[in-house]
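Please keep the sequence and the structure in view while reading.

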Amino acid sequence: MLKLIVAVVARDLHLAMRRRADIVSALFFFIIVVSLFPLGVGPEPALLRQLAPGVLWVAALLATMLSLPRLFADDYRDGTLEQLALAPQPLGLIVLGKVIAHWLVSGLPLALLAPVLGLQFDLSRDALWVLTGSLLLGTPALSGIGAIGAALTLGVRGGGVLLSLLVLPLYIPVLIFGAGAVDATVTGLGAQAHLSLLAALTLCGVFFAPWPTAAALRIALE
Amino acid sequence: MSNRVINWFKFASPQAFYPLAGKMIPWFWALAAVFGLAGLYLGFLVAPTDAQQGEGYRIIFLHVPASWLSMFIYLVMAFWAGLGLAFNFRLSAMMATALAPTGALFAFLSLWTGALWGKPMWGTWWVWDARLTSELILLFLYVGFIALQSAIDDARRADRAGAILALVGVVNVPIIYFSVKWWNTLHQGSSVSLTKSPSMATTMLWGMLLCALACWMYAIAVALMRVRTIILERERHTDWVRAELIGKE
């Protein structure tokens, strides 16, 4: 079981490394969106400090969503997905491997990049730590829940816009607790409760999401 | 006993359900009209003016039923969609498709009447209260469902993809509701508490219940009308639909 997941992750990472531009452009999207906010609302440090958690998290949500269509689209186009669905191993596990690989190339870089962007918003050191931690904890849930949407919109016309309609409402709890954790640190309340809930969401999301995703993939492949 | 079971399953076929729905629709319209008139009579002519809110409170006779129905219809829709997914009943998947626009309409009505009520009562069209926010998200979920189904051309695939989305949505609704609620309490958003409703006069309550029944009957009637259209559209290649359409001309 573990071997299967590792094999899928390794394969997807290998493929992603051949198309590094995709990963980098999603990251730059994140950077650009975050940098637009100070230009839009003005450079007062107090205001930016207050906005930072929400802005960084919303930008992370959008950047993750942007990279979601690639989760299955390439494999669907060249027929690999059909082969994977025919494999004797459960499709859910394969999906789990793909979700992990997606997180490694989209969520993880976002989390590592976030503290640098947080500096632009004049966040304190503690808040930067919590921001990184909350993104590390929360982005796997984004990849997991997003996989459902990506599978449902596979090969559907207008897939990109549709995907955002389906997935963004489901992302709301992650956004609330993720941004809330940083917010609580900034206001001095302590982020523990938020981080625990965020971890719970991630565990549930990553654990349960592969099933509906696998079901949706089978529907798309018919 | 076995006879009765067979009778029930008979109506799972679109062909058998089509005339039955046609017979039921006028009844539900009539019930909707009766309940609606009685509820509005109680609400506008009998119920006393509220001591704190004046006449403006009367919008609850539409607002509360619309909110209830918007949530209830989502559950019913997910139920039919799940049934369709599990047992491959075509009709129940069509039912889910037929219910979605009505649910979205009620969610929108609930938000709209809520805004109309909020302006004189709270002095603002919108607050980021937990209930308002989750109602808004419910509207988003409906829109996502409708958009997904209309984007897929193959009807069977649309049914099943929509069903998965509806089921995922149903699991998520409580999570979303509680997260929004906690978010709201943390932010100390609105100072107005919706939960502490003042004890209501009995006539008001009756008026509201009657209006809720009227909305419910309306929802059933409209969903049945829509499902009849969907049946005709999807079964147009069959002989009975052709006979039905020729008979009408």
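## A pair of packed helices

In this predicted model, helix α3 (residues 45-67) of chain A packs against helix α8 (residues 159-186) of chain A at an angle of about 150°, and the axes of the two helices are 9 Å apart. Because angles over 145 degrees count as roughly antiparallel, α3(A) is described as roughly antiparallel to α8(A). The crossing in which α3(A) passes α8(A) is right-handed.

Which residues of α3(A) meet α8(A)? On the α3(A) side they are Arg49(A), Pro53(A), Gly54(A), Trp57(A), Val58(A), Leu61(A) and Met65(A), while the residues they meet in α8(A) include Leu163(A), Val167(A), Tyr171(A), Gly178(A) and Asp183(A). Sorted by class, the contact of α3(A) with α8(A) has 13 nonpolar, 3 polar and 2 charged residues.

## Chain A as a whole

The secondary structure of chain A consists of 10 helices and 0 strands. The C-alpha trace of this chain spans about 55 × 30 × 30 Å along its principal axes.

Of the 222 residues of chain A, 50% count as buried. If one takes the contacts in chain A between residues at least 6 apart in sequence, 80% of them join residues at least 24 apart.

Pro210(A) lies in helix α10 (residues 210-221) of chain A.

Leaving aside residues up to four places away in sequence, Pro210(A) touches Gly92(A), Val95(A), Leu96(A) and Val99(A). Leu137(A) is 73 residues from Pro210(A) along the chain, and the C-alpha atoms of these two residues are separated by 18 Å.

## Where chain B meets chain A

Between the two chains, 22 residues of chain B are in contact with 20 residues of chain A. On the side of chain B that touches chain A, α5 (130-151) and α6 (155-187) of chain B each supply at least two residues, and α6(B) gives the most, with 13 residues. By class, this side of chain B has 17 nonpolar, 3 polar and 2 charged residues.

Note on methods. Residues are numbered from 1 along each chain as its sequence is written. Chains are lettered from A and ligands numbered from 1 in the order in which they are written. This is a predicted model: local features need pLDDT of at least 70, side-chain atom pairs count only at pLDDT 80 or more; totals for chains, interfaces and linings use all residues. Two residues are in contact if their C-beta atoms, placed from the backbone, lie within 7 Å. Helices (H or I, at least four residues) and strands (E, at least two) are DSSP runs, numbered from the N terminus. Ala, Val, Leu, Ile, Met, Phe, Trp, Tyr, Cys and Pro count as nonpolar, Asp, Glu, Lys and Arg as charged, and the others, Gly among them, as polar. A residue is buried if 20 or more other C-beta atoms lie within 10 Å of its own, exposed if 12 or fewer, and partly exposed in between; C-beta atoms are placed from the backbone. Axes are lines fitted to C-alpha atoms, for helices over the stretch in contact, and angles run from 0 to 180 degrees between N-to-C directions. Angles under 35 degrees count as roughly parallel, over 145 as roughly antiparallel, 65 to 115 as roughly perpendicular and the rest as oblique. A crossing is left-handed if the near helix is turned anticlockwise from the far one by less than a right angle, and right-handed if clockwise.
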